[in-house]
Every structure is written in structure tokens, then in C-alpha cells.
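Open the structure in your viewer and keep the selection tool ready. We will go from one selection to the next.

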Amino acid sequence: MKFRALMVDAGPMREFANIVTIISKLSKECILRVAADTLYFIVSDDNSGPAPPVLWCEIPQAMFFSEYQMVGLDDEHKDIYLGLSSGNLSRSLVTLKTAKSLKMKLTKKQCPCLTLEIEMPSSTSQQTRNVTHDIPVIVIPRKMWSEFHEPNTPDPDISIELPALKQLRTTIDRMRTMASEVIIWASAAGRLTLQIKTDMAKVSTRFKELRVEAFEGPIDHSDSETESQANEDMSRICYCRVDAKKLSMFLSADQVTHNRTLCSIVHKKLVILCLHTEENVRLQCFISGIVY
Amino acid sequence: MNWSKMDDVNSQYYFTASMDSGKTLCSLLKAIQFQETAVFCALPEGLKLTVEEGKCVQASAYVPSDNFTEYHVRDDVDVMFKISIAVLSECLNIFGSGEESSLKMYYRSEGSPLLLVLQPQSVNNVMTDCEISTQNADSVLELRDEDSAEVAKLVLKAPAFLGLLADLERSCDVIELHLSPEHPNVSIVTYGMQDRSCIDVPKSSDMVQSFTCENPVTLKYQLPHIRLIMKALAISSKVVLRCSSNGLLLLQLKLEKEDQRQMFSEFYIVPLLDD
């Protein structure tokens, strides 16, 4: 098993640090899967059972690293799976925004470590400083790999482009002070509604003119006492009730420069938020629906 | 909506109002938000929200009707109900404090929810509508006593007065206010565990804009009650203190807005009586 990689460009280093920060906000632990052409960050919910992971992030190595060498477990199993503390990783990468280069390698010290060597410019001289972080990792044995397979989710009923994440997060954070659950409505007509209902208030924030990527309707509402939304054909609307805190955490990903964010909904069951960046990073978050 | 239709709406609803930006209203509400619920009262001359702390402090936010681009109250009914002020201010702030958003309010009839429609000024593909439940209002305390004469009146600069209150020791329970026509005119005394501290403010001080007091008077209040006005002071330019002969303290704070319109907050604070 071998892994070493080098990053020298400022843009990708900043993005990489941002992505790791988001992951550390979502979970204390994460899995780093090293494959020949892609790095994966995977966060799974401890007690989720067969449910998809909470987060699935793909980073194409060619866009980020100038050097990238790896040798997997054996000829048949060409990947490396490492378990590590996402907080340790994000704290080590705080200085990456001003660094000249980052070297990452898998080392054997007292325990297996992901060693980060960060080269920092000096403000007073031409010389640089080297900062080394050793992050203890657990090498995940082969028999447990299946727990971190690519999520196999049901086909979404709708995929709709999200408005600016920052705007969305402000609104969700205001709603969170009033209720712990948010209902997300999406219609084939390009409308997205965030709604909370409590004894005190019903608050709905409605976005319109959003691009609909895919719609697999009609939606069956026969089993629910759904109230109709503004004279729209209900068979073209689906919804899902989710935890407001989880939604807000994903939305803090607005720090990562992104091209677009898609929201896919499996009616009443699942919300998949997927953020695409310029460098072809895909950051996906899976929030399962709350059903009473 | 054309005009005739708007008139229809106005006559159907007990109360309707609209405003270009709900931001100032929101910060005014936050300044008196020391209780969960407020009494919402739409009067022909303006909107008033009142909260009470025990039977000792009564705070009101008052927004004269000229702050609204449209303001309509039916004159044959009383528009008065209880509402969660926390929920109301969160709703007004739904697009964040960095965003100016226009606000419309509707209240159909007794027992109806208060409807709010908010639209940010910078983006036009989003809007929020809120239905906030309302309850019948209990009567609001009438603290003002017409028979008690005013014994002192001070006009102070709000930021300076806020600084003065912030300097007072937090752990003190009681604040004593000595007012006198003689120097040092105003003296504020607090008693701590082992100490007594005193701040003198002569009427020549920069923070005093006007001072009226015929006879020396000493008044005592609970400091935590006085501290309730600090959030309102932080957003106001001027504060008027009025003491009446029965010890009741009235503070009137003026909030200056960019558009020259004014909003106010008002606090009645009941004195501590010697036992």
C-alpha cells in the first residue's frame, strides 16, 4: 500500500481546504478512499443501517494534484480506505489558503498516519517554512469496504436547481429558530418552497423560475392529506420533510465556489443535494425524509 | 392589483399595511423582545406593540402610520390581539439582516392569523408568506396616573446614556436616582455587595440636552428593570426621562431613520417603594 500526492496550485488548495471544512462540520469521522483517479470523502451515519451515506464527495485527482502515486491493497483491490477524524484534517489544513504546496502521504509512524507537509512562504525572507502534520488513520480492512460503497438511491421524482445557497441558508437558519423540521416542496413548474408549520406560525418561503433538470411524475398524493399549493396541479409537485439542522449544515457549503447545486427529491423519502464545482468535484448530501 | 380591488381588500380586512423595508421595524421589535408575547394594537394613527414584565415594566414599540406606504385600519372595530413577538421578528428577518425586504401585513378579522408577505428588494424570484397565530389580548396595564404631576424631565443623548448604564455594576439590584436643581443635578447611585458607587451628571454635561426639575427628588428602581431599555437605547438617538410624583418612570426613546421618519419605543418602570 502506498500513497503520495502533491498539490501546488493556490486555487485547488483553497477549494480542498474548504471541502474538508464542510465535511468536518457534518461529521467528526470520515472515510478517505484513495483510488487511481479519484479521492473520495465518505461520511456515513452510524445508525443508518442500509440507508445511503450522509455525504459522498468525489474529487478528481488530476484537477487538484500535480503528482499522484498510489498502490492499492493488492492487484484485485486497487483502492485504499482510511478512517480519520475530519476535525484533525480540517484543522491541519487551516493554513492551506496561504501555502505554497501541500504534500500528502501515507506513512507508518507509531501508528498509520496521513502525513501532511505544508510549505509556507515567509513574510520576511525568500526561505520557506515546512509544517508537518501527522494525522492518525485507521486502515479499513477489505471486508468492511462494502459498507462504504457508492450510494444506491431510488430514482428521484424531481431534480431542480437550487437558488443561491447563502440566501437559502439565511432563510433556513431563521426557520430553525421556530421549528426543527422543514418541508421542501418542488414542482415541475420550477417552484421550490421551504415551509415550517408550528402551533404559532406557518411560514413558507417560495422560489420560482428555477431550472428543472428532470421530472419523473406524476406524483401520487392519494395517501396523504396534502393541502393544495396555490392552484397547481398536485401530481406535478413532490415534497419531503427533513431535519432543518442537517439541511443548514449542507448549505454552509456555500463557501466552496460552485457552479450549480441540484436538489433531487424522492417523494416523502429522501432529499439529495448535489454541489458541482468548476474542478468537477461532486459533493452530495443525503438527507432522509421524516415520516410520521 | 388595481385600485378598486385594493379598496375591496381594505374593506374586507380589519387591518392592512405595507412598508418598503421591514428592517427598522424588526430591530425595534427586537429591542422590546424581553417577553415571548406582545399585544399588537393597530390604531388609526399608528401601530403599537406592547410587552409587560410582571406588573413592573411595560415596554411599547410605536410606529406612526406615516412610516407605512399604505396603512388602513377599520374604524368600527378594535384591532388588538396577542402575538408571539419572537416569531414575528424572526419572520420579518427571514431573508437575513443584510437584506432590505418589503413588507405587507394583513389581518382579516378577530381570531384570524396575522399574515405577512415579504419580498427582498434585490432578488425578485422569491417571496415569503407567514401566518402567525393570534390570541385574544388581555387588557394592557394602565400605569400612567393622570393625577400624579411630572416632577422632573430630562432629555439625554441615547448613546451616552447607554454607555453610562453599561458602566454600572451588573450584580447590583437597586439603582437610586437623585435629581435636584442644585449641582450635580443628576446623580446615579448603585449599591453592590461591599461598595456604593455614584455617577454624577451635571446639567452642563454633553449628554444632557435639557433638564427640568423644581425640587430635589430621590427615586429607587430595580436595576434589572432599567437594564431592559439598553437594546432600545442602542438603536435610538435621543431619550426623554419623565418622573412623576408617584415615582413612575417613563422613558421615551426616539429612533431616527434614514428617511427622516421616526419610530419610538416607550418604557414605563414602576419604582421600588421604601418598606
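How much area is buried between chain B and chain A, and what part of that area do carbon and sulfur atoms give? About 1,600 Å² is buried, and carbon and sulfur atoms give 52% of this area. Keep in mind that this is a predicted model.

Stay at the meeting of the chains. Chain B brings 20 residues to the contact, and chain A brings 19 residues. Now select B:Glu90, B:Ile94 and B:Asn125. In chain B, these lose the most area to chain A. Together they make up 32% of what that side buries.

Next, colour chain A by domain. Domain 1 covers 2-148, and domain 2 covers 158-288. The centres of the two domains of chain A, taken over C-alpha atoms, are 30 Å apart. Look at where they meet: 18 residues of domain 1 of chain A are in contact with 16 residues of domain 2 of chain A. Between them these domains bury about 1,700 Å², with 61% of it on carbon and sulfur atoms.

Last stop: a helix pair in chain A. Select H4 (residues 165-176) and H5 (residues 244-251). Their axes lie 9 Å apart, and the packing angle is about 155°. Angles over 145 degrees count as roughly antiparallel, so H4(A) and H5(A) are roughly antiparallel to each other. H4(A) passes H5(A) in a left-handed crossing.

Show the side chains. From H4(A), the contact includes A:Leu165, A:Leu168 and A:Ile172. From H5(A), A:Leu247 and A:Leu251 are among the residues that take part. The residues of this contact divide into six nonpolar, one polar and four charged.

Technical notes
Residues are numbered from 1 along each chain as its sequence is written. Chains are lettered from A and ligands numbered from 1 in the order in which they are written. This is a predicted model: local features need pLDDT of at least 70, side-chain atom pairs count only at pLDDT 80 or more; totals for chains, interfaces and linings use all residues. Side-chain values use heavy atoms; hydrogens and water are left out. Axes are lines fitted to C-alpha atoms, for helices over the stretch in contact, and angles run from 0 to 180 degrees between N-to-C directions. Helices (H or I, at least four residues) and strands (E, at least two) are DSSP runs, numbered from the N terminus. Angles under 35 degrees count as roughly parallel, over 145 as roughly antiparallel, 65 to 115 as roughly perpendicular and the rest as oblique. A crossing is left-handed if the near helix is turned anticlockwise from the far one by less than a right angle, and right-handed if clockwise. Contact means heavy atoms within 4.5 Å. Ala, Val, Leu, Ile, Met, Phe, Trp, Tyr, Cys and Pro count as nonpolar, Asp, Glu, Lys and Arg as charged, and the others, Gly among them, as polar. Domain bounds come from an automatic or database domain assignment. Buried area is the accessible area (1.4 Å probe) that two parts lose on being put together, summed over both.
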